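Here is a short briefing for a first look. It covers a pocket and some charged pairs.

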Amino acid sequence: MPTDVLANRRIRILATLSMIVLAIFVVRLFQLQVIDHSKYVALARQEQEKRLIIPAMRGELYVMDDGKPVKAVLNQTVYTMFVDPEIVDEPEKVVKTIRQIVGGNTVKGYEDSVYQEDTRYVVVAKKVSYTQAQLVREKKLKGIGFQAESARVYPEGSLAAQTLGFVDVDGVGQYGIEGMFDKQLKGTDGLLQSVTDVANVPLTIGDKNINIPAKNGKNIALTLDRSVQAYAELALAKGIKKSGADAGSVIVMDPNNGKVMAMANLPTYNPGELNKIQSFAQVNNGVVATPYEPGSVMKTFTLATGIDKGVISPDSTYNNTDYIRVDDRVISNASKGQTGTITMQHALNWSLNTGMVTIAERLGDGSINRTARDTMYHYLYDKFRLGQKTGIEVYGESAGRIISPSETEGNAVRYSNMTFGQGMDLTMVQVAASFSAMINGGTYYSPSVIAGSVSDEGVFTPEAQRETYGGIIKPSTSAKMRDMIVKARTAFYADNDRKGYTVGGKTGTSQTIVDGSYDNGQTVATYLGFGGDTKPKYVIMVQVSGKNKNLAGNYDAMPIFTDISNWIIDYLTLQPKV
Amino acid sequence: MSHSHYNRNQYAARRRSGMNRNQNSVAFVSSIKLGPVTHTVLVALMITVLGLIYLTQAIKATSYDYETEKISSQITRLEEEQVNLEVENAKLTALSEVRDSSVARAMVSPEAPSYVNN
C-alpha cells in the first residue's frame with residue numbers, strides 16, 4: 001500500500017476517534033451542564049451558602065421597686081467549656097487552670113478527660129460565666145474551647161419564684177409568668193442565609209442572600225413590688241417557723257386597682273438551682289393554684305350579702321344558743337358562751353357560726369330555702385366572682401368551686417356551712433380580689449400581676465386596667481363592712497396595730513377533709529384583712545397549713561398579717577389620722 | 001486644495017448614503033494595520049482587564065464583609081460585656097445582698113415619726 005494512502009487512512013481514523021472522544025465530551029458536558037444543571041447548582045449552593053438561625057433573646061422579667069421596674073430575671077451568655085485532648089499540649093496546666101477558675105462548674109472526671117486519646121471533644125465545665133471564660137482565654141492555653149448559650153439569671157434568688165416560674169433545659173417556660181407567657185417571651189428567631197467563606201464568615205456576594213433580623217421576646221414588668229414581696233416572704237418564713245407549719249401563702253393586693261403587690265409561697269425554690277427542687281410543693285403557686293375551704297374569713301361575705309339585701313344590719317340581733325339546727329344537722333359555734341340576744345357585730349367579733357346561719361335563714365324568710373340559696377349563690381358567684389377563675393396572668397390558676405343550688409349537693413346544709421366558709425373551694429386570689437371589692441366601695445377589680453412592658457431601650461409602657469365590675473355591693477354596705485371588720489379586729493387585737501391607722505381583719509380556722517370527713521386534728525389557719533389611712537390601701541391574706549398540724553387563724557396566720565401590715569404602713573408612707 | 005483626494009465615485013457614494021456636501025466622512029485613517037492575531041490578543045487582554053476589574057471590586061466588597069464581621073464580633077463581645085455588667089449590677093443590688101451588707105447591718109431602727117397635720 002502506498003505510504004500516502006496509509007497516512008490518509010491513519011489520519012481519518014485519528015480524526016474519527018477524535019470526533020468520537022469529542023462527541024463523548026459534548027454528551028457528557030450536556031448531561032452535566034444542561035440535564036443535571038439544577039442538581040449541581042443545588043449542590044454548589046449547599047456547599048457555598050449557609051443558613052444561620054439568629055436566636056431571639058428571651059424577654060426579661062421586671063418587678064416594681066419604688067414605682068419603677070427593675071430586672072428580676074435576666075439573660076446572660078454562659079459557656080460550655082470543652083477541651084480537644086489532641087491539641088492540648090500542657091494537660092497539667094490545663095487541669096490546674098480549670099480547677100482554679102471554673103472549679104465550681106466542672107463536670108465529674110474532668111481531670112482525666114484532658115488525657116483521653118479516643119476523642120476530640122470533651123465537656124469539662126458547664127454554665128461558665130463570661131468573666132471566667134475571659135480569665136481562661138487570657139491563659140492562652142491550646143485545646144480549650146467555649147460554646148456560648150443563653151441562660152436565665154435570677155439575681156434575687158428565690159424571690160417570687162412561683163410567680164416568675166422558670167425555663168427548663170429545652171428553653172421552654174414552665175409555671176408562673178414564664179409558663180403563661182412563654183410564646184411572647186420567646187420572640188421570633190431570625191434567619192441569615194448567605195454565601196460564606198471557609199471560616200463561615202457571611203459574604204455579600206450571591207443573589208440568594210436572606211437577612212431576617214430576630215425579634216426579641218417581650219420584656220414584661222410585673223406589679224409585684226420587690227420590697228413588699230421580700231418582706232412578705234420574710235414574714236411568712238418567720239411565722240411558719242414559729243408555728244411549726246409546713247407550708248404557707250401570702251397575697252398582698254392593692255384594693256383600689258386589683259394589682260398584686262406580693263404573692264409569697266413556702267416552701268419555695270431558687271429558679272437558678274432547679275436541680276435542688278425536691279417536691280412539687282416548691283414550684284406550686286398555692287395562692288392561685290390551690291383551692292381550699294377558707295373558713296371563717298368568709299363570714300364577712302355572708303354579712304355583706306345580708307346587709308346589702310337589707311335583711312340585717314351590724315346592730316341586728318338574734319338569740320344565740322351556740323347551736324342551730326339545719327335539716328338533720330346541728331351546727332355549733334367553735335367559741336361557746338356568748339349566748340343570749342347578741343348583735344351581728346358581736347357574732348362577727350366572736351366568729352359565731354350560728355349568727356351566719358341566721359343570716360342565711362333571714363335571706364329565705366326564716367329558712368335556708370331555694371330563695372336564700374339562690375341569693376347567696378348570686379352574691380358569691382355572680383357578684384363576688386368566687387368559685388371561678390379570676391384570669392390572673394399566672395400559669396395554673398384553679399377555678400375552685402361553689403356548688404350551685406340547682407345541684408343536688410347545693411342543699412340547705414351545704415349552704416349553711418358555706419356561710420362560715422366550709423363546703424366551698426376557693427383560691428386565695430379569688431378571696432382577696434372579692435374582699436377588695438367588699439371594702440373599696442363595691443368595685444371588683446380583676447386581679448392582675450402585669451404592670452406593663454419594657455422596651456429594649458428601657459421605656460416602660462403601663463398595661464391597661466383589666467376588667468372592672470362596679471356595684472358589686474352598695475357603697476353603704478361597703479362602708480358598714482369596713483367598720484365591722486375593723487371592729488372585729490380591734491375587739492381583741494387593737495394593741496397589735498400602729499396607732500392612727502385603719503386596720504381590720506378576720507380570722508379563719510378551717511378543718512381539712514381527711515379520708516372523706518372533716519378532721520379537727522388538721523386545720524388550716526387563715527387571716528384576711530386590710531389597712532390604710534383615709535381609705536383602704538392594702539389587702540393581705542395569709543394562709544398557713546401543715547400535715548397533722550392544728551393551726552389557728554388568730555395564733556398562726558394573724559401574726560404574719562400584723563407583721564406585714566405594720567411594715568407596709570411605713571413602706572407606703574401612710575399618714576396616721578389625727 | 002483640501003478636497004483634492006476626493007474623486008467622483010466617492011462623492012456619488014456620499015450622496016447615495018444621504019450625506020451633505022462638505023460633511024467629512026473620514027476623520028483619520030491610521031497607517032498601522034492590525035492583523036487578526038493582534039485583534040484576538042487585544043480582545044483577550046481587554047477581557048482580562050475587565051475580569052481583573054471585576055475581581056478587584058468583588059474582593060473589595062468581600063473585604064468589607066470581613067470588616068463588617070469584625071465589627072459585628074466586636075459588638076457582640078461588647079454586648080456580652082454589657083449584659084455581664086448588668087447581671088453583676090443586679091446581683092450586687094439584690095435585696096438579699098443589700099440586707100446582708102455591712103451598711104445595712106450597721107443601721108438602727110427609726111424613732112417613731114411625727115406628722116404635721118395641716
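This is a predicted model. In its second largest pocket, strand E22(A) gives the most to the lining, with 6 residues. Across all chains, the structure holds 26 salt bridges.

**The second largest pocket**
- The space in this pocket is about 900 Å³.
- Its lining counts 38 residues. Nearest the centre lie Ser296(A), Ala334(A), Ser351(A), Asn353(A) and Thr509(A).
- Several elements of chain A give two or more residues to the lining, among them strand E16 (329-332), helix H13 (344-349) and helix H19 (553-571).
- By type, the lining has 20 polar, 13 nonpolar and 5 charged residues.

**A buried pair and its network**
- Arg58(A) and Asp182(A) form a salt bridge, with the closest N and O atoms 2.9 Å apart.
- Arg58(A) sits in the loop between strands E1 (49-54) and E2 (61-65), and Asp182(A) in helix H8 (residues 182-186), so the pair ties together parts 124 residues apart in sequence.
- Both Arg58(A) and Asp182(A) are buried.
- A network of salt bridges links Arg58(A), Arg152(A), Glu178(A), Asp182(A) and Lys186(A).

**Two further salt bridges**
- Glu49(A) meets Arg45(A) at 3.8 Å, N to O. Glu49(A) is buried, at 13% relative accessible area. Arg45(A) is partly exposed, at 32%.
- Glu409(A) pairs with Arg401(A), the closest N and O atoms being 4.0 Å apart. Glu409(A) is partly exposed, with a relative accessible area of 41%. Arg401(A) is partly exposed too, at 39%.

Conventions:
Residues are numbered from 1 along each chain as its sequence is written. Chains are lettered from A and ligands numbered from 1 in the order in which they are written. This is a predicted model: local features need pLDDT of at least 70, side-chain atom pairs count only at pLDDT 80 or more; totals for chains, interfaces and linings use all residues. Side-chain values use heavy atoms; hydrogens and water are left out. On a 1 Å grid over the protein atoms alone, a cavity is a set of points where a 1.4 Å probe fits but cannot get out, and a pocket is an open set with protein on both sides within 12 Å along at least five of seven lines; lining residues have an atom within 4 Å of a point. Grid points are joined across faces, edges and corners, and a volume is the space filled by probe spheres set on the points. Helices (H or I, at least four residues) and strands (E, at least two) are DSSP runs, numbered from the N terminus. Ala, Val, Leu, Ile, Met, Phe, Trp, Tyr, Cys and Pro count as nonpolar, Asp, Glu, Lys and Arg as charged, and the others, Gly among them, as polar. A salt bridge is a side-chain nitrogen of Lys or Arg within 4 Å of a carboxyl oxygen of Asp or Glu. Buried means under 20% relative accessible area, exposed over 50%, partly exposed in between (1.4 Å probe, protein chains only).
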